[in-house]
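Subject: Structure handover

Hello,

Here is the structure we talked about, with notes on what came out of it. Please look through the notes with the model open beside them.

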Amino acid sequence: DDNLGLTSRNEDASAFWRVSPALRVEGGSERSRVRATVEAETGRYTSSQVDDYTDYGFDAAWLYSPLLRHALALDAARKFGHDGRGTAAREGDLGLLALDVDRFRRDDFGGRYRFGAPGARGRLELDARAGEVRYRNNREFTAFRDRSDRAPGGAFYWRIAPRTSALFRVESERFDYELATLDSHETHWFVGAEIDATARTTGSLLVGRANKRFDDPARADFSGASWRANLEWRPRSYSTLSVSTGGEADETNGFGDYVLRHDLTVGWSHNWSGRLRTTLDGGLAREEQRPSTRVDDVRYLGAAADYAFRRWLRAGASWRLYDRSSDVAEFDYRRNVLLFS
């Protein structure tokens, strides 16, 4: 990694290694299934010990389908993770500070209810999520990021072709901060289509409108177009082309009240044989830190290849290039990451 702090000057470079063990247990019956996962990841940098980290967490889920037309899914997770230097609360020149990475605890709870048999013309889905994040160190920079989230939503699907359904989706999100005066409420309305996973082209396309309203009247609200799209096309069973794009508001990292983000990512994955696979992907994003005048243009390019020596053993190599240009010079950076796995 040739720019650990994502800085525009005095870049720190280092070799590193990561180990990420995990254990998953599944069981149950056709009508009631449970899953539990415990995982961890340790990263160590030979030339920059402040970037060392150990993340870990666990999650559990329950899927209950007592009748053909009804299904209920519940899940919960707790993660002890980190934000690397140059991200989140420490962008720009703050990434030069010789401080440990910002550590946090994140709790998430969610549920989804579906009414409608698979293949039925109409289907209703209701979902809700709640989360909480609390930072554990470097509080002079991270305290303003402590917050709780709530996000109920629902969608109605109507099959218009054997493998395509039209849909209408509504979402409501509430953000409550412990210290920052960034409390807000977001609503999203979407119409679109979803293509069944059995088709050669799969995915979904949603277009609509989003509104963000701050509790603090001194902060500028947002209202505008919003969209999400994730599509995959398989011209052959061994080759996949993917496109994803989105446009919506996101929470601020401390510069401005919110981030208006528009992004586009494309990728190609190809299996040259039963053992060798390659992947190429790239992306563009434009991030407006409103109401400030800061605008970031972010570019990403990646290439990867892996080879399966055994059913249980795969070796690979990848390269990633990240480049950001900003109206504020200290937020410019260029980063290369080479990884062998």
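**Before the β1 strand**

Asn-10 sits in the segment that precedes β1. Please keep in mind throughout that this is a predicted model. With a relative accessible area of 52%, Asn-10 is above the 50% cut-off and so counts as exposed. Its phi is near 50°, a positive value in a residue other than glycine.

Leu-6 belongs to the segment before β1 as well, and its phi is likewise a positive value, near 50°. For background, most residues other than glycine have a negative phi. Leu-6 has a relative accessibility of 7% and therefore counts as buried, whereas Asn-10 is exposed.

Ser-14 is another residue of the segment before β1, the strand that covers 16-19. Ser-14 is buried, at 8% relative accessible area. Its side chain reaches two backbone nitrogens: that of Thr-46 at 3.3 Å and that of Ser-47 at 3.0 Å. Leaving out residues up to four places away in sequence, Ser-14 touches Asp-1, Leu-4, Tyr-45, Thr-46, Ser-47 and Ser-48.

**The chain as a whole**

The chain has 18 strands and 1 helix. Its radius of gyration is 22 Å, close to the 20 Å that the globule rule gives for 341 residues, so the chain is as compact as a globular protein of that length. Taken along the principal axes, the C-alpha atoms fill a box of roughly 60 × 60 × 35 Å.

Of the 341 residues, 36% are buried. Among contacts between residues at least 6 apart in sequence, 48% join residues at least 24 apart.

**The nonpolar patch**

Which residues make the nonpolar surface patch? They are Phe-115, Leu-124, Leu-126, Phe-156, Trp-158 and Ile-160, and the patch has an area of about 570 Å². Strands β7 (122-135) and β8 (147-161) each supply at least two of its residues. β8 gives the most, with 3 residues. Leu-126, one of the patch residues, is in strand β7. At 42% relative accessibility, Leu-126 counts as partly exposed.

Gly-208 lies in strand β11, which runs over residues 201-214. It is partly exposed, at 27% relative accessibility. Not counting residues up to four places away in sequence, Gly-208 touches Trp-189, Phe-190, Gly-224, Ala-225 and Ser-226. Gly-302 is 94 residues from Gly-208 along the chain, and the C-alpha atoms of the two are separated by 31 Å.

Thr-252 is in the loop between β13 (239-251) and β14 (258-271). Is Thr-252 buried or exposed? It counts as buried, because its relative accessibility of 4% falls under the 20% cut-off. Its side chain has polar atoms placed against the backbone of that part of the chain: the backbone nitrogen of Gly-254 lies 2.9 Å from one, and the backbone oxygen of Gly-256 lies 3.1 Å from one. Beyond residues up to four places away in sequence, Thr-252 touches Arg-145, Leu-182, Asp-257, Tyr-258 and Val-259.

Pro-291 lies in the loop that joins β15 (276-290) and β16 (295-310). The peptide bond from Arg-290 to Pro-291 is cis, with omega near 0°. As a general point, most peptide bonds are trans.

**The β18 strand**

Tyr-333 is found in strand β18, residues 333-340. Its relative accessible area is 13%, so Tyr-333 is buried. Apart from residues up to four places away in sequence, Tyr-333 touches Asn-3, Leu-6, Thr-7, Tyr-322, Asp-323 and Arg-324. Leu-6, listed among these contacts, is the buried residue with positive phi described above. The C-alpha atoms of Tyr-333 and Thr-265 are separated by 20 Å, and the two residues are 68 apart along the chain.

Regards

How values were computed
Residues are numbered from 1 along each chain as its sequence is written. This is a predicted model: local features need pLDDT of at least 70, side-chain atom pairs count only at pLDDT 80 or more; totals for chains, interfaces and linings use all residues. Side-chain values use heavy atoms; hydrogens and water are left out. Helices (H or I, at least four residues) and strands (E, at least two) are DSSP runs, numbered from the N terminus. Buried means under 20% relative accessible area, exposed over 50%, partly exposed in between (1.4 Å probe, protein chains only). Contact means heavy atoms within 4.5 Å. Patches are made of residues with over 30% relative accessible area and no salt bridge: like charges are joined within 9 Å, nonpolar side chains (Val, Leu, Ile, Met, Phe, Trp, Tyr) within 5 Å. Accessible areas come from the Shrake-Rupley method with a 1.4 Å probe; for residues, only the protein chains shown count as cover. A salt bridge is a side-chain nitrogen of Lys or Arg within 4 Å of a carboxyl oxygen of Asp or Glu. A polar contact is a pair of N or O atoms within 3.5 Å; within protein, one must be able to donate a hydrogen and the other to accept it, and residues adjacent in sequence count only if both atoms are side-chain atoms. The radius of gyration is taken over C-alpha atoms; the globule rule is 2.2 Å times the number of residues to the power 0.38.
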